[in-house]
Amino acid sequence: MVHMPVSGVEMAWWPLVLIGFCVGVIGGYFGIGGAFMVTPSLNIFGFPMAYAVGTDQAHLAGKSIVATFRHWRFGHVSYVIAFTFIIGTFAGVEVGAQIIMWLTKKGIAGPVVRWIYIVLLFGLAAWMFYDYFSSLARAKKTGKELTDKVGTALSDWVQNKLNVPPMVYCGIAKIRVSAWAVVFIACLTGLVAGVLGVGGGFFRVPCMVYVLGMPTKIAVGTDLFEIVMSGAYGGLSYGMKGAVEIMGATLMLCGAAIGAQIGTLTTKYVYGFFIRLMLAITVFLSGTSVAIKQIGWFYERTYSTTVSAFLKQAGMKSQEITNLLQSKDKAYHYIVEVMNRPDLYAAYSTNYILTQISQFIMLGSAIGLACFLMYLCFRGMARERQSRLMEAKAKEVKV
Amino acid sequence: MIMDFFNWSAYLAKNNPVAYGVTVMLTMAGLGVAIALAVDGIFRLFGIHLGYYKKEFEDELSRKS
């Protein structure tokens with residue numbers, strides 16, 4: 001057990017390294033930050049929620065540097081697109097943050113955000129699955145191997161018809177697009193990220209691929225470069241609010257640094273299309289997790305107002321009430337023994353179980369995906385080594 | 001020594017939030033760069049090829065054009 005000096009909590013060090021490692025593998029492979037997986041996973045292991053988001057943001061900057069460096073060595077990073085994207089992203093995030101503040105004032109931020117999440121994640125997953133399987137069927141018909149598809153009807157229109165100056169040319173991806181199109185997409189993805197309170201990589205990478213027509217691996221590397229900037233800003237911003245546990249972030253970064261190597265190396269051994277399929281699965285699992293959480297909300301609203309009002313009357317502050325409701329034993333004590341409302345406790349209990357299931361889906365999918373990607377990486381390395389040895393042997397025979 | 005740094009950071013978090021924010025950002029960026037360079041060195045040391053792979057999207061692009 002280690003003592004976290006900023007938050008003051010005692011917890012084991014290995015869950016932080018494990019979560020960092022898994023998200024490092026996934027992030028390096030997909031080009032996403034993985035905040036939607038990290039926050040619930042940290043919470044399962046007892047990391048305080050108040051510090052979970054800030055600590056994740058802080059470690060993201062370091063992890064993304066490690067992953068971007070590797071992608072840069074592979075030639076996957078388009079700086080011109082990344083810098084143009086950053087302008088739009090920051091503007092979009094700011095507008096999204098203002099919307100979320102307005103929704104919070106109205107008291108509907110939680111359910112609205114979850115509904116947007118559900119529609120977006122399932123919609124995106126459905127589109128990506130459709131794209132993958134329809135391309136697979138076409139490839140089977142033509143007998144061509146399915147590697148990576150560059151461009152869609154929409155991206156063709158953006159690249160060829162939308163010639164509003166200034167134009168940006170991405171040499172690596174060999175595409176020329178209007179800077180306004182890039183800024184618009186960045187604003188949109190930034191807006192979604194701001195409203196949902198996440199980095200938005202899971203949404204940005206598909207937009208780069210399907211709307212701008214970037215090759216999948218370049219979209220992954222470019223998005224990671226952008227995450228370096230947004231992660232650094234997030235780390236600074238949350239740090240200034242005192243919401244970062246620097247020791248936790250360092251432990252996570254240690255795991256993530258190793259994981260990111262495996263994740264980025266795996267992109268070397270798989271085709272771009274396979275990356276899209278895996279991302280679709282991840283997005284679908286995330287959608288399922290949020291949908292379960294939303295079902296829990298229907299139970300939550302039956303008890304939360306009454307219980308909160310009672311606890312406020314007893315002199316508790318909002319944060320104390322939130323902390324209390326995270327502990328099942330304490331909630332039982334107040335709702336059943338003090339308030340004498342077993343009906344409300346039944347609703348609380350159902351919501352508690354659904355929240356746990358939702359969090360375990362995220363943690364399970366993070367660990368499962370990381371294991372599978374590790375397998376792909378080591379299999380690819382072994383095959384590459386074998387083919388090099390065979391080449392060397394063939395040369396020897398010739399000599 | 002590392003614990004001293006974390007304790008000093010915790011002190012900053014309570015007394016000078018701006019400095020703590022900058023410390024967090026610089027620590028993470030510094031560690032990220034250091035780890036990236038160190039790992040790259042290790043890969044080179046063990047002779048693991050990193051720049052050798054097939055850019056399948058280039059085939060696709062040439063087919064398109």
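Which residues is Cys22(A) in contact with, leaving aside its neighbours within four places in sequence?

**View 1. Contacts around Cys22(A) in the predicted model.** Once its neighbours within four places in sequence are left aside, Cys22(A) is in contact with Gly259(A), Ala366(A), Ile367(A) and Ala370(A).

**View 2. The helices of chain B.** Chain B contains 3 helices and 0 strands, so that its pattern along the sequence reads α-α-α. Of the 65 residues in chain B, 26% count as buried.

**View 3. Confidence across chain B.** The mean pLDDT of chain B is 77, with 72% of its residues reaching 70 or more. Within chain B, confidence is highest in helix H2 (residues 17-45), at a mean of 87, and lowest in helix H3 (residues 56-64), at a mean of 51.

**View 4. Confidence across chain A and the complex.** Chain A has an average pLDDT of 81, and 96% of its residues score at least 70. Among the elements of chain A, the lowest mean pLDDT, 74, belongs to helix H2 (residues 35-44), whereas the highest, 86, belongs to helix H13 (residues 328-338). For the complex, the predictor gives an ipTM of 0.81 and a pTM of 0.76.

Definitions and conventions: Residues numbered from 1 in each chain as written. Chains lettered and ligands numbered in written order. Predicted model: local features only at pLDDT ≥ 70, side-chain atom pairs only at ≥ 80, totals over all residues. Helix = DSSP H or I, 4+ residues; strand = E, 2+ residues; numbered from the N terminus. Buried ≥ 20, exposed ≤ 12 C-beta atoms within 10 Å, placed from the backbone. pLDDT = per-residue confidence, 0-100. Contact = placed C-beta atoms within 7 Å.
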